[in-house]
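Welcome! Here is a short briefing to read alongside the model on your screen.

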Amino acid sequence: MKGQDSVQDMRIREAGDPERLMRENELLFERVPCYVSVLDRELRVVRANRRMRETFGGRRGAHCYRVYKRRDAPCLECPALRVFQDGLEHTSRQTGITASGEEAHYVVTAAPFSTVRGPGGTRVVDHVIEMSVDITHEVQLQREMLDAERLAAVGQTVAGLAHGIKNILMGMEGGVYVMRSGSRTGQPARVERGLEMLDRNLAKVSALVKNLLAFSKGSEPRVALTEPNHVAQEVLDLYTQSALRAGIELRAMLQPGIPLAPLDAAGIHTCLANLVSNAIDACHACDRPNGFVELRTSDTDGVLSFEVADSGCGMDQEIRRKIFTTFFTTKGAGGTGLGLLMTRKIVQEHGGRVEVDSRPGEGTVFRIRLPRRRLPDLTAPVGDEAVTAGVPAVAASLAPGPEPAGASHGTSPGRTDHGQA
Amino acid sequence: MTDPGGRPRVLVVDDEQDVVTYLAAALEDEGFDVATASNAEDAERALIGRTPDLLVLDIMMPGHSGLALFKRLRSDPVTVGLPVVFLSACSAADVVSGLASTSNGHGGAGVVSYFEKPVVLPAFLEAARALVHGAGAVSRG
């Protein structure tokens, strides 16, 4: 076989020409395309290959931290020092400064190079070899990608915000037009209608700003032992009437006997209210007979789950991809595009995640999965007051109510939706 | 289908009630006979048997979008030439790309105009008049 021939050939050459072998090894050390250096116990560079010398400069005998990083003392996580201590191989990621003053990122692996007999006859490492692979290009690419993603997110947010504000502006301009024309033609009822339009759109812009602030700041979760089914029931009670008015049946399928769980009841209430409100809207928009929304709870295999299923028109892949995007809404002017984003944020604060099953024409299931072992710690003393049978007053003000947008919600996200258009 | 009093008929479709109220008032003041709908499905029902002279159509609405309704209208011989004014809070570029993907170029037969919200009312009314009187072309506001 060819491979065996090559090995044999090399053995012959090794045996036959030790000087040539030494020259080859020297060339190998010099030309290997990474930084190679040998350090003594004082971290002085006793040998460095060509790539290392050309990139970092430095004279023979200089401290490695001086050569690699222009430092006056050893680095905090020095792999060479660890090798001197335990005689094992160590790898770490470092950032240095090249001879031309540029940042260089590299992954360095340090290993024992030579040993001497120490006190008591044990062998100790007296030289370490360090081999570093330059990853500066990869790090730069990674940074550029992150920057691009950040810019895209900012652009998306600004575009979404502009979209919402344009709708509100048009409502305001409409209010002014209707009021003026009513005044000009002597129609008090029309003037009144124009004023109502102005009022409504002022409330919308105010709610939008408050929601933005609430979202950007986040709220301190108040975690207390909570009965999951009670939170679910509160949301069901809140929406039963409005669902009925829309011709949609709101069903409950709550697993009995779910134990207390450390939850931010107000936050979970907001999540469920968002999902139920979205589901009702999805059924309403779909206009199918016998529409229903079902809120389910379960607690199996250490995972507490809330599910909201609807018989609406479902979502295609494109919409599914966008639903957790800031300001994305399918509800036209009726949505703020923050509902699902807030839901995901709250669920993540509970150590859980939001899953979506949906296909066009087949309805949608949103599932909040909260592994119990990852639930947050209690922030209130466990006592009668801490056990949340229902939802504290704050929950009602955070949750989107069944009233029309801009009605009287204060900090409410207003109407929510499948991401919201 | 102009009403017996000679007023051109327009159907305004937008899910935002204040936008509908605003444009309906302005178009009525301009002498239009105005009907309204708050979504694409209601609009389609309103169009059955009574084609207006002009359709003012929002693009992003719950349920079917304005573009989806437009596509259906363009495939129907009765409404294929119906003049349409699109409204959108999206940028004009987004609307144009949506139109291009909806049908061949700018919506096939018939004339189309589009306005970014909030609309400049005089320009919007001028476009509405021009489209109804057959002087319209693809335009934007």
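Predicted model: local features only at pLDDT ≥ 70, side-chain atom pairs only at ≥ 80, totals over all residues.

Residues are numbered from 1 along each chain as its sequence is written, chains are lettered from A and ligands numbered from 1 in the order in which they are written, and side-chain values use heavy atoms, with hydrogens and water left out.

**Chain A as a whole**

- Chain A has 12 helices and 12 strands; helices (H or I, at least four residues) and strands (E, at least two) are DSSP runs, numbered from the N terminus.
- Of the 421 residues in chain A, 43% are buried, where buried means under 20% relative accessible area, exposed over 50%, and partly exposed in between (1.4 Å probe, protein chains only).
- Among contacts (heavy atoms within 4.5 Å) in chain A between residues at least 6 apart in sequence, 63% join residues at least 24 apart.
- Helix α11 (residues 339–349) of chain A has buried residues that include A:L340, A:L341 and A:I346, and just after α11(A), A:G351 takes a positive phi of about 80°.

**A closer look at A:T136 and A:H105**

- A:T136 is found in helix α6 (residues 136–184) of chain A, whereas A:H105 lies in strand β4 (residues 103–117) of chain A.
- Are these two residues buried or exposed? A:T136 is buried at 12% relative accessible area, and A:H105 is buried at 6%.
- The backbone nitrogen of A:H105 lies 2.8 Å from a polar atom of the A:T136 side chain.
- The side chains of A:H105 and A:E103 are joined by a polar contact of 3.0 Å; a polar contact is a pair of N or O atoms within 3.5 Å, where, within protein, one must be able to donate a hydrogen and the other to accept it, and residues adjacent in sequence count only if both atoms are side-chain atoms.

**Where chains A and B meet**

- The contact takes 24 residues from chain B and 26 residues from chain A.
- Between them, the chains bury about 2000 Å², 59% of it on carbon and sulfur atoms; buried area is the accessible area (1.4 Å probe) that two parts lose on being put together, summed over both.
- In chain B, the residues losing the most area to chain A are B:D18, B:Y22 and B:P118, together 29% of what that side buries.
- Across this interface the rule finds 4 salt bridges, a salt bridge being a side-chain nitrogen of Lys or Arg within 4 Å of a carboxyl oxygen of Asp or Glu.
- A:K204 forms a salt bridge with B:E16, with the closest N and O atoms 2.9 Å apart.

- Side chains of opposite charge can pair when their charged atoms come close.
- A:R53 and A:E30 meet in a salt bridge (2.8 Å, N to O). A:R53 lies in helix α3 (residues 50–56) of chain A and A:E30 in helix α2 (residues 18–31) of chain A, so this pair ties together parts 23 residues apart in sequence.
- A:R53 is partly exposed at 38% relative accessible area, while A:E30 is buried at 17%.
- In chain B, the side chains of B:K117 and B:D58 meet in a salt bridge (3.3 Å, N to O).
- B:K117 counts as buried at 3% relative accessibility, and B:D58 is buried with a relative accessible area of 3%.
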